[in-house]
Amino acid sequence: MAFSLETVTLKTKTGIKPKNAIILCHGYEGNGKNIALLANYWRGFLPHTIFMCPNAPYKCKKKNTFMWFNPNENNQKSLKRVIKSVEVLNKFLDEVKNEYNLQDENLIIGGFSQGCMITLKAGIRRKKKVKLIIGYSGKIIDKKYLDLNLNSKPNICLFHGDQD
């Protein structure tokens, strides 16, 4: 199947139909290949899990780099890109569910930096809660949006250093 986002896919270690899917989203000026390095470490511990690492929908100036939104745009324009990226990511999650015959409770979504921010927004907006949102070095972008779009309350695990 062709997904709506260009994606790096790491199939299950067992080679059989996945029982779970982990979708990892990269940060600003990253791509699916970058974040797939993290997925590769986890694969050995999750043999029945497929890993999907999509490229964000917007291109950056540097070759083969992408963004979920442009941090250098004014807030209103940037927020429009955030909302569109959330819609695109949720469409992608539905495609993954349909392709592999999974339910929302079989999905873990997460990411680094912008990828973390987008998965937080996308995860809470879904009608049915995903199993987990895991984020590295991210934050809530717009608390007002969060309050107005809270449709589910998945488990959330956030990691952030104190040196950045």
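Trainee: In this predicted model, at what angle do the axes of helix 2 and helix 3 cross?

Mentor: Helix 2 covers residues 75–100 and helix 3 covers residues 114–125. Their axes come within 9 Å of each other. The crossing angle is roughly 65 degrees.

Trainee: Is the crossing of helix 2 and helix 3 left-handed or right-handed, and which residues of helix 3 make the contact?

Mentor: Helix 2 passes helix 3 in a right-handed crossing. On the side of helix 2, the contact is made by Val-82, Ile-83, Ser-85, Val-86, Glu-87, Leu-89 and Asn-90. The residues of helix 3 are Ile-118, Thr-119, Lys-121, Ala-122 and Arg-125.

Trainee: How many residues of that contact are nonpolar?

Mentor: The contact of helix 2 with helix 3 includes three polar and three charged residues. The nonpolar ones number six.

Trainee: Where is Glu-29, and is Glu-29 buried, partly exposed or exposed?

Mentor: Glu-29 lies in the loop between strand 2 (20–25) and helix 1 (32–43). Its phi is near 60 degrees, a positive value in a residue other than glycine. The relative accessible area is 29%, between the cut-offs of 20% and 50%, so Glu-29 is partly exposed.

Trainee: What kind of aromatic pair do Phe-3 and Phe-92 form?

Mentor: The count of aromatic pairs comes to three. In the pair of Phe-3 and Phe-92, the ring centres are 5.6 Å apart and the planes stand at 65 degrees. Planes over 60 degrees apart count as edge-to-face, so this pair is edge-to-face.

Trainee: What kind of pair do Trp-42 and Phe-51 form?

Mentor: Phe-51 counts as buried, at 0% relative accessibility. The ring centres of Trp-42 and Phe-51 are 6.5 Å apart. Their planes are at 55 degrees, so the pair is tilted.

Trainee: How far is the charged end of Arg-81 from the ring centre of Tyr-58?

Mentor: The charged end of Arg-81 sits over the ring of Tyr-58. The distance to the ring centre is 4.6 Å.

Technical notes. Residues are numbered from 1 along each chain as its sequence is written. This is a predicted model: local features need pLDDT of at least 70, side-chain atom pairs count only at pLDDT 80 or more; totals for chains, interfaces and linings use all residues. Side-chain values use heavy atoms; hydrogens and water are left out. Axes are lines fitted to C-alpha atoms, for helices over the stretch in contact, and angles run from 0 to 180 degrees between N-to-C directions. Helices (H or I, at least four residues) and strands (E, at least two) are DSSP runs, numbered from the N terminus. A crossing is left-handed if the near helix is turned anticlockwise from the far one by less than a right angle, and right-handed if clockwise. Contact means heavy atoms within 4.5 Å. Ala, Val, Leu, Ile, Met, Phe, Trp, Tyr, Cys and Pro count as nonpolar, Asp, Glu, Lys and Arg as charged, and the others, Gly among them, as polar. Buried means under 20% relative accessible area, exposed over 50%, partly exposed in between (1.4 Å probe, protein chains only). Rings of Phe, Tyr and Trp (its six-membered ring) pair if their centres lie within 6.5 Å; planes under 30 degrees apart count as stacked, over 60 as edge-to-face and the rest as tilted. A charge sits over a ring if NZ of Lys or CZ of Arg is within 6 Å of the ring centre and within 35 degrees of the ring normal.
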